[in-house]
Amino acid sequence: LVGQRSSELTNRGTISDGSTGGDGMGEDQLATHMRLFIARKVLAKAVEVGDFAQFDSFREVKQSGDSMVDHILKNIEVERGGEGSAEDAMVLRVFYQANDPDEAAIVLSAIYNSYKSYIDSQDQDSSKLAVELIEAARETHEEELTNADEAYRNYVASVPVLLEGDKVRDV
């Protein structure tokens, strides 16, 4: 689910320690995404959007008054990396334990969609903020330039000069 943009990643599917730009930077990013994937906000959105009431385990949780998010947290596991030669791969592996394989697939799909939606919204918010900041800077610079130009023109207009034929000399 997560990968550092790198030509090494594209070519080999993994990133060596030397190419991440710093010790542990990739691990820090992956650790952040591991926590984001099972964040209560992400899971709550998955419960809201997912049709979990069709499964007995979720109906029992709801009837007992327990939290569906807590139920998911008890049954989900998030790991980093792959297996074999992909052991160092910058990926998340997520497992959900359920009696019904369809339940596991639907729950994981809903959580992934909620996680992806959250990440996408953060990217969009960052992009919108960047556009707003660029526009504000442009307006500020245009205003400063206009004010500076006007001040310069006023200064030039107020400087006394001597006219000697075609020549203009500063007093």
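Modeller: A word on the score first: pLDDT is the predictor's confidence in each residue, on a scale from 0 to 100. The model is a predicted one, and the protein chain has an average pLDDT of 79, with 81% of the residues scoring at least 70.

Biologist: Which elements have the lowest and the highest mean pLDDT?

Modeller: Among the elements of the protein chain, the lowest mean, 48, belongs to helix 1, which covers residues 7–12, while helix 5 has the highest, at 91.

Biologist: And over which residues does pLDDT stay under 50?

Modeller: That applies to residues 1–23, although the model still gives this stretch 35 contacts beyond four places in sequence.

Biologist: Let's move to helix 5, then. How does helix 3 sit against helix 5?

Modeller: Helix 3 spans residues 40–49 and helix 5 spans residues 68–75, and their axes come within 9 Å of each other, crossing at roughly 110 degrees. Because angles of 65 to 115 degrees count as roughly perpendicular, that is how helix 3 is placed relative to helix 5. The crossing in which helix 3 passes helix 5 is right-handed.

Biologist: Which residues meet there?

Modeller: From helix 3 there are R40, L43, A44 and V47, and from helix 5 they meet M68, V69, D70, I72 and L73. Sorted by class, this contact of helix 3 with helix 5 has 7 nonpolar and 2 charged residues, and no polar ones.

Biologist: What about helix 4, at what angle does it pack with helix 5?

Modeller: Helix 4, residues 56–64, packs with helix 5 at an angle of about 135 degrees, and the two axes are 9 Å apart. Helix 4 and helix 5 are therefore oblique to each other, and helix 4 passes helix 5 in a right-handed crossing.

Biologist: What does H71 touch?

Modeller: Leaving out residues up to four places away in sequence, H71 touches S57, F58, V61 and Y96.

Technical notes: Residues numbered from 1 in each chain as written. Predicted model: local features only at pLDDT ≥ 70, side-chain atom pairs only at ≥ 80, totals over all residues. Heavy atoms only, no water. Axes fitted to C-alpha atoms, helices over the stretch in contact; angles between N-to-C directions. Helix = DSSP H or I, 4+ residues; strand = E, 2+ residues; numbered from the N terminus. Parallel < 35°, antiparallel > 145°, perpendicular 65-115°, else oblique. Left-handed = near helix turned anticlockwise from the far one by under 90°. Contact = heavy atoms within 4.5 Å. Nonpolar A, V, L, I, M, F, W, Y, C, P; charged D, E, K, R; others polar.
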